[in-house]
Number of protein chains: 2
Amino acid sequence: MFVPTSQRVAMAQSDTVDRILDAAEELFAERGFSETSLRMITSKAKVNLAAVNYHFGSKNALIHAVFARFLTPYCETLEHSFDNLETTLGGQAPTLEALLSALMESAIRMPHRNAYGISIFMRLLGLAYTQSQSHLRHFLENEYSATFSRFMRLLKEATPQLSAVDRYWRIQFMLGATAFTMSSSQALSDILQNKLGVETRVEEIVSRLVPFLAAGMQARPNSPLSQSA
Amino acid sequence: MFVPTSQRVAMAQSDTVDRILDAAEELFAERGFSETSLRMITSKAKVNLAAVNYHFGSKNALIHAVFARFLTPYCETLEHSFDNLETTLGGQAPTLEALLSALMESAIRMPHRNAYGISIFMRLLGLAYTQSQSHLRHFLENEYSATFSRFMRLLKEATPQLSAVDRYWRIQFMLGATAFTMSSSQALSDILQNKLGVETRVEEIVSRLVPFLAAGMQARPNSPLSQSA
DNA sequence: TCACGTATCAAACGTATGTTTTAAACAAAT
DNA sequence: ATTTGTTTAAAACATACGTTTGATACGTGA
C-alpha cells in the first residue's frame, strides 16, 4: 500500500499492526524467536522501532499475537470439524485416519496470507515446541487447552486397542514427527528441490505424513524387535 | 593465545576443559544455543569467563566441541555395527528393524557421562536440526558425512519398495519422532511417572519407538487419505 | 478553530552479550 | 633458580538487545 510521503498522513492503526505481524511471522519462522530482534522486524515492516512496544507492549506479547492471529481461527475451524465428525458418527468412535485428516485439512483450508501458505504456521508450531520459550508454552496452554483436550479425547476413542502407556508414548512420537518436520519444512523443501528436482508443497508433505503416523499408531506393540533391544 | 588441545604438552591438573564441556552440554540441551550465555556456562562450570575463549577460541567452536565429544565416538561405534551387519549378511540387504536397532543400540551402549544418559545427546541432535545455526550444520556435514551417507545407503537397501521421495520424507519423520521424544524424555518420564505410576527408562522408550518407526516406514504410500487431501 | 487522544519518530536508556586485554599465579621442564 | 607454557583472575571492550522517553504530527469531535 503506497502512500506519498508528501501527504504525511498518519496510517490507520491496522496498517502498522498488520505490517509488524506479517514481518514478525516471517522472521520468526525463518530464524526463531531469540534470533530475531525487534530491529529486524521493524525495519522489514518499515515502521519505527518503538511501534512494537507501543502496539503490543513487549516482544513476548508480539510473539503471542503472531500465534493468536492464526491459531484462534484454526481452532475454530477445527472445532467445527470435530462437530461434524461427531454428528456424522453419532456416538461411534472415529477412525484414526479421519481424526488426523480433520487436523490436517483444517490447517490446509486456512486462508493463506502470503505465498508461503501454511508452511509458515507449521514451522511456528514446531518452534513453539522445540524452542524453550516458557512464556509461549504457558500462553498456548491457557488459550487453546479446550480444543487440545477435545482432540486427545477423540484420539483415545480412535485407538481403543492401545494401552494408556502405549498411547501416551505414540502421541509423543506423532507430535515429534510432525512438529520436527514442520519446523524445518521450508529448509527441507529447498534441499529436496535441489537434490531430487521435485517441488514440494506442504500439502504434499502432509499427505505423506498422515499414512506414516497412522501406521505407526496402529503398529502391534512389543514386536520381536523391541525385546531384542 | 589460543593453542589447539592436541598440541598442548604439559597438562596441569585442572580439568577446566571437561568442566566447561559438561556445563555447556547440559545448558545447551536445556535452553538452546542462543539462549545460553558464556557467563551461564562458566559460572556453572566454576571456571573463569575467559577460559572458554582461551581453550576453544569462540562460542561457536565450543558448540562444535560439545557435539564432537559424543558424536565422534558414536560414529565409530556405529561404523563397527555397520561392519558387523554387512559381513553377517554377506551382500544381502539388511532388514529395516536390524538397521534401526544398530542405530539405537549404538546410542544406548555409549558410555554415559551423567545421570541423563543419552537423552541429552538426542536433545542436542534435535536442536542441531531445528535451531538455525548454519555454522553448526556446516560443521556436522563436514565431519560426519561419511557415516551419514553409509547409513542412508543401507536404509535405501532396506526399503527398496519406497520411492526416493517417499523414503526421504519418512526419514525426516523418523528423525523427528526420535529427536523430539528423546529431547524431552526426562520430562516425559517424570510426567508419566506421576500420571500413570510407571517408571520409564530410555531403553524402554526406545523399545516402544522402534516398532512405531518401522511400521511408519513400511506403511503403504498414497493411502486413500492422502488423495482426499 | 481548538483541544485531546492516538500514532510516529529519533534518540537515549540500562542491561547483557561475546570477546579481548593485562596481570598474576601456577606447574613442570631445563 | 630460571624458563616456559598453562590457567586463573578482574576488568574493560564494543556491540546488540528490549524498552522507554519526550517531542512532534495527525485526525477527530467539540
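Predicted model: local features only at pLDDT ≥ 70, side-chain atom pairs only at ≥ 80, totals over all residues.
Trainee: How many disulfides does the structure hold?

Mentor: Zero, over all chains. To count, a pair of cysteine sulfur atoms would have to lie within 2.5 Å.

Trainee: OK, on to helix 2 of chain A, residues 38-45. Which residues are buried there?

Mentor: L38(A), I41(A), T42(A) and A45(A).

Trainee: Why do you say the buried residues of helix 2 of chain A line one face?

Mentor: Look down the axis of helix 2 of chain A: the buried residues fall within an arc of 90 degrees, so they line one face. As a rule, an α-helix has 3.6 residues a turn, so residues three or four places apart point the same way.

Trainee: And what does the face turned away from the buried side carry?

Mentor: On helix 2 of chain A, that's the exposed residues R39(A) and S43(A). Just after the helix, K46(A) takes a positive phi of about 60 degrees.

Trainee: Why are helix 4 and helix 7 of chain A called roughly parallel?

Mentor: Their axes come within 10 Å and cross at roughly 10 degrees. Angles under 35 degrees count as roughly parallel, and therefore helix 4 and helix 7 of chain A get that name. By class, their contact has 14 nonpolar, five polar and five charged residues.

Note on methods
Residues numbered from 1 in each chain as written. Chains lettered and ligands numbered in written order. Heavy atoms only, no water. Buried < 20%, exposed > 50% of the residue type's maximum accessible area, 1.4 Å probe, protein only. Helix = DSSP H or I, 4+ residues; strand = E, 2+ residues; numbered from the N terminus. Arc of directions from axis to C-beta. Axes fitted to C-alpha atoms, helices over the stretch in contact; angles between N-to-C directions. Parallel < 35°, antiparallel > 145°, perpendicular 65-115°, else oblique. Nonpolar A, V, L, I, M, F, W, Y, C, P; charged D, E, K, R; others polar.
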